[in-house]
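Hi,

Here is the model I promised to pass on.

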Amino acid sequence: LWDALDFLEKSKEANCQLTLGKQVAVIGGGDVAMDCARAAKRAPGVESVTLVYRRTREFMPAEPEEIRLAIEDGVQVLELHAPTSYNKETLCCEHMELGDWDESGRRGISGTGKTTNLKFDTVICAVGARVDNTLFEASGIKLDGRGRPVVNTACESSLPGVYIAGDCKAGPSTIVGAIADAKFAAIDILTKLGLPNDFVRVSQPQNPNDLYDKKGILVPGSKQNIDGHRCLACDQLCELCCDVCPNRANVRIAVPGFADAHQILHVDGLCNECGNCGIFCPHKGDPYKDKLTVFWSEEDFEDSSNRGFLQLANGQYKLRLEGGKIVTCALNDAQVPPQIATFIKTVVSEYPYYLGQ
C-alpha cells in the first residue's frame, strides 16, 4: 500500500520502473490520483491500472484534461466504489449510491451495504491529505467541527499572536489563496506593531452585490500591481455560462433552500449547442449539458441525455434523473429528490415563461 506522494517521489527516482505487479489500483479522483495512475501505467509488467472512486466520473475533482489523458493512457475508472480494507492482495470496496447535491456542488453519497472484493497487486492511496491538528489541540487552539482551526479575517487563531494560513487553515486550495492568507496575516502583524506595509491590494471575500456591480465594466489592464480589483471572483460567484450564451439558454434563477442564492437553469429550446458556455466555464463542466434542463417538447426530451424535466398535464412531469433514470410522476412523488422538486416548483411558480408553453 503506497501513499500517493511517496509513490510519485519513488517513481520519479526510478524513472517509472518500480515493480508493482500486474494489477494496480489508485484510490481517488483528483489530479494527484491521475498522476499516480499514469505513472503506474508506465511501470514494467503492469497490465491494468484502475482508478477506484466513490462518486461517478463527472464528479471527479481532477481537471478534465488530466482525466482524459489518463483514460487515453488506458487507465480504467471504477465508479461508486469506496475502499474499506486492503490485505496486500484483496481490496474490499463498498458499493455507493449518489444522493442529493451538497454545498460543494457535488452529489452526496451513501453506502448500500453491498461489498465487492477485488484483486490488486498494488494499491496507491491518493485521497485528500489531511493536516495533522494534534499541535493545534495541544496548544489549545479552538477547532471547528471539521478539526480545522477557527481564525478571524486576518488568519489569527483563538490563541493571540498565532496565525494559521494556507492548507492548514481551510484544507487544500491554491498557492494564490495561501499567499493571500499570508498577506492578511502580515498586514495584521505589522499594524499591531505600528509598522507600515507596501501591499497595494489584498482582496477579502467579496459581497455578491459588489461583484454584480462590476460586471460589464471594462477597465484597462495595468502593468502596475493593481489588476486584482478587476477580478470577478469566479470561485465565489460564477454565472459566466449565462453571460456568454448568445441565445440566453442558460439563465439565473433564485431557488430557496439552496446554499447558493442563485441556480442555473438550462433552457433546451433556446440552445443550439454551440459549446460557448463550456469554453468559458472556469470550472470543469459543460453547462449546456450539466445544468438542470427544462424541455419544451417530448421530442426534445427524448433527443437529450440531460437531467431535466418536461411539464405535462394534470400536475405530472416527465423527468430524467441522475444516471439517466426516467420517471413520469408528480413532484411530491418519493422518486423525485426534494431539491429537484423545489427547483422545478420554483421555475413553475416564479419563472413560467421558461416553460415554453
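How many helices and strands are there in the protein? There are 12 helices and 14 strands, taken as DSSP runs (H or I of at least four residues for helices, E of at least two for strands) and numbered from the N terminus.

Some housekeeping: this is a predicted model, so local features need pLDDT of at least 70 and side-chain atom pairs count only at pLDDT 80 or more, while totals for chains, interfaces and linings use all residues. Residues are numbered from 1 along each chain as its sequence is written, and side-chain values use heavy atoms, with hydrogens and water left out.

Overall, the C-alpha atoms fill a box of roughly 65 × 60 × 40 Å along the principal axes. Of the 357 residues, 34% are buried (under 20% relative accessible area; exposed is over 50%, partly exposed in between; 1.4 Å probe, protein chains only). Taking contacts (heavy atoms within 4.5 Å) with a separation of 6 or more, 50% are between residues 24 or more positions apart.

Glycine 28 is worth a click. Its place is in the loop between β2 (23–27) and α2 (31–41), and it is buried, with a relative accessible area of 7%. Beyond the neighbours within four places in sequence, glycine 28 touches Ala33, Leu51, Val52, Tyr53, Ala126 and Val127. Arginine 54 is 26 residues away in sequence, yet the C-alpha atoms of glycine 28 and arginine 54 are 7.8 Å apart.

Then there are two non-glycine residues with positive phi. Arginine 248 has phi near 55°; this residue lies in the loop between α8 (240–243) and β9 (250–254) and is partly exposed at 48% relative accessible area. Glutamate 273 also has a positive phi, of about 55°. Its loop runs between β10 (262–267) and α9 (276–280), and glutamate 273 is exposed, at 58%.

Cheers
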